[in-house]
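The following exercises concern the structure shown below.

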Amino acid sequence: GAQLPNGTFAFEVEFDARQPDGSHFSVESAWSQQSSWVTLSVCSAVLWACWRKMCRFWTGTGALHPVIWTLAAVVLSQYSAQVLHICHLAIYRRDGQGSVTLEVLAGAFGTMGQLVETTLLILIGSGYTLTRTKLGDLGFSLPILGAVALVH
């Protein structure tokens, strides 16, 4: 017979497996989409309650403390991450690959929220809310944010 040359050969294999319901989710991740929707529903309820309280407080006092604004931004960032992740899961359910762009954006929004939240907690712990009520003098917090980002 014919001799095959000795050597190394590279080839790609793509395995496309679907569950009986047509989904690409394996058994261990079958409930990930439903649990993400439950998480989003709870987050929506909390976000709505916080928004109503913020508006009521703002109407009564005419202003909100910068910490409240910062926490609102963190919650919106985390909420956006959850929505993007659910969109990625919906695409994954159909094609088995999902959307890299949506997943990267979800990770970026989630990480950004964690960085800001951690920095805010460090600032509160160092007495920020006792000594400042305006955002204008936050120059000292940039090195803290940089350190948190580096550690994160």
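**Exercise 1. Locate Ser77, state whether it is buried or exposed, and list the residues that it touches.**

Solution. Ser77 belongs to helix H2, where helices are DSSP runs of H or I with at least four residues, numbered from the N terminus. The relative accessible area of Ser77 is 6%. Buried means under 20% relative accessible area, exposed over 50%, and partly exposed in between, with a 1.4 Å probe and protein chains only; Ser77 is therefore buried. With residues up to four places away in sequence not counted, Ser77 touches Phe109, Met112 and Gly113, contact being defined as heavy atoms within 4.5 Å.

The model is predicted: local features need pLDDT of at least 70, side-chain atom pairs count only at pLDDT 80 or more, and totals for chains, interfaces and linings use all residues. Residues are numbered from 1 along each chain as its sequence is written, and side-chain values use heavy atoms, with hydrogens and water left out.

**Exercise 2. How far apart are Trp37 and Ile86 in sequence and in space?**

Solution. Trp37 lies in helix H1 and, at 46% relative accessibility, is partly exposed. Between Trp37 and Ile86 the separation is 49 residues in sequence, while their C-alpha atoms are 7.3 Å apart in space.

**Exercise 3. Determine the count of aromatic pairs and classify the geometry.**

Solution. A pair of aromatic rings is described by the distance of the centres and the angle of the planes. Rings of Phe, Tyr and Trp (its six-membered ring) pair if their centres lie within 6.5 Å; planes under 30 degrees apart count as stacked, over 60 as edge-to-face and the rest as tilted. By this rule there is one aromatic pair. Trp58 and Trp69 form it, with 5.3 Å centre to centre and 90° between the planes, an edge-to-face arrangement. Trp58 sits in helix H1 (residues 32-61) and Trp69 in helix H2 (residues 66-95), 11 residues apart. Trp58 is partly exposed at 39%, and Trp69 is partly exposed at 38%.

**Exercise 4. Characterise the largest cavity and the largest pocket.**

Solution. On a 1 Å grid over the protein atoms alone, a cavity is a set of points where a 1.4 Å probe fits but cannot get out, and a pocket is an open set with protein on both sides within 12 Å along at least five of seven lines; lining residues have an atom within 4 Å of a point. Grid points are joined across faces, edges and corners, and a volume is the space filled by probe spheres set on the points.

The structure holds one cavity of 30 Å³ or more; the volume of the largest cavity is about 30 Å³. Trp51, Met54, Cys55, Trp58, Leu64 and Trp69 form its lining, and H1 gives the largest share, four residues.

The largest pocket has a volume of about 280 Å³. Its lining comprises 13 residues, of which Cys50, Trp51, Met54, Ile68 and Ala72 are the closest to the centre. H1 and H2 each supply at least two residues of this lining.
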